[in-house]
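Trainee: Please take one part of this structure and go through it closely. Then set that part in the context of the chain.

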Amino acid sequence: MPLKGISTYLSCPVCDADVPISEDEKVGDEVYCPYCQVPLKLRKTKDKEDMYLEENF
Ligand SMILES: [Zn+2]
């Protein structure tokens with residue numbers, strides 16, 4: 001299956017695995033790490049507009 005719709009990969013803050021982020025995903029959305037199954041929230045840095053993942057327990 002082609003990885004269509006995946007815009008980027010961000011690293012999981014818990015296990016450091018690459019988490020695929022689809023292009024439909026927005027800041028504030030919840031995604032799950034495919035490796036450790038931890039709920040993560042998509043965040044954006046204030047200064048650089050870079051997206052990152054934060055634990056969302
Ligand atoms: Zn993880």
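Mentor: Start with Val 31, which stands opposite Leu 40 in S4. The model is a predicted one, in which local features need pLDDT of at least 70 and side-chain atom pairs count only at pLDDT 80 or more, while totals for chains, interfaces and linings use all residues. Residue numbers run from 1 along each chain as its sequence is written.

The pairing between S3 and strand S4 (residues 39-44) is antiparallel and has 3 bridges. Strands here are DSSP runs of E with at least two residues, helices are runs of H or I with at least four, and both are numbered from the N terminus. Two strands pair if DSSP finds at least two bridges between them. On to the next pairing: S4 and S5 are also antiparallel, over 5 bridges, and Lys 44 has Met 51 in S5 as its bridge partner. S4 and S5 make a hairpin with 6 residues between them, and Glu 49 in that turn has a positive phi of about 65 degrees.

Together, 3 strands form an open antiparallel sheet in the order S3-S4-S5. Strand S3 (30-32) and strand S5 (51-55) are its edges, each pairing on one side only. On average, neighbouring strands of the sheet are turned by 45 degrees against each other, direction ignored; the axes are lines fitted to C-alpha atoms, and angles between N-to-C directions run from 0 to 180 degrees.

Now the loop between S3 and S4, where Cys 33 is found. Cys 33 counts as buried because 21 C-beta neighbours lie inside 10 Å. The scale is as follows: buried means 20 or more other C-beta atoms within 10 Å of the residue's own, exposed means 12 or fewer, partly exposed is in between, and C-beta atoms are placed from the backbone. Leaving aside neighbours within four places in sequence, Cys 33 is in contact with Cys 12, Val 14, Cys 15, Ala 17, Val 19, Val 38 and Leu 40. Contact means that the C-beta atoms, placed from the backbone, lie within 7 Å.

Gln 37 is exposed, because 9 other C-beta atoms are within 10 Å, and its phi is positive, near 65 degrees, in a residue other than glycine.

The loop between strand S1 (6-11) and strand S2 (18-22) holds Pro 13. Pro 13 counts as partly exposed because it has 14 C-beta neighbours inside 10 Å. Beyond four places in sequence, Pro 13 is in contact with Leu 53, Glu 54 and Glu 55. Pro 13 and Glu 55 are 42 residues apart in sequence, yet 6.9 Å apart in space, C-alpha to C-alpha. Asp 16, also in the loop between S1 and S2, has a positive phi near 70 degrees and counts as exposed because of its 11 C-beta neighbours inside 10 Å.

As for the chain, it has 0 helices and 5 strands. Of its 57 residues, 7% count as buried. The C-alpha atoms fill a box of roughly 35 × 20 × 15 Å along the principal axes.

Methods: Two residues are in contact if their C-beta atoms, placed from the backbone, lie within 7 Å.
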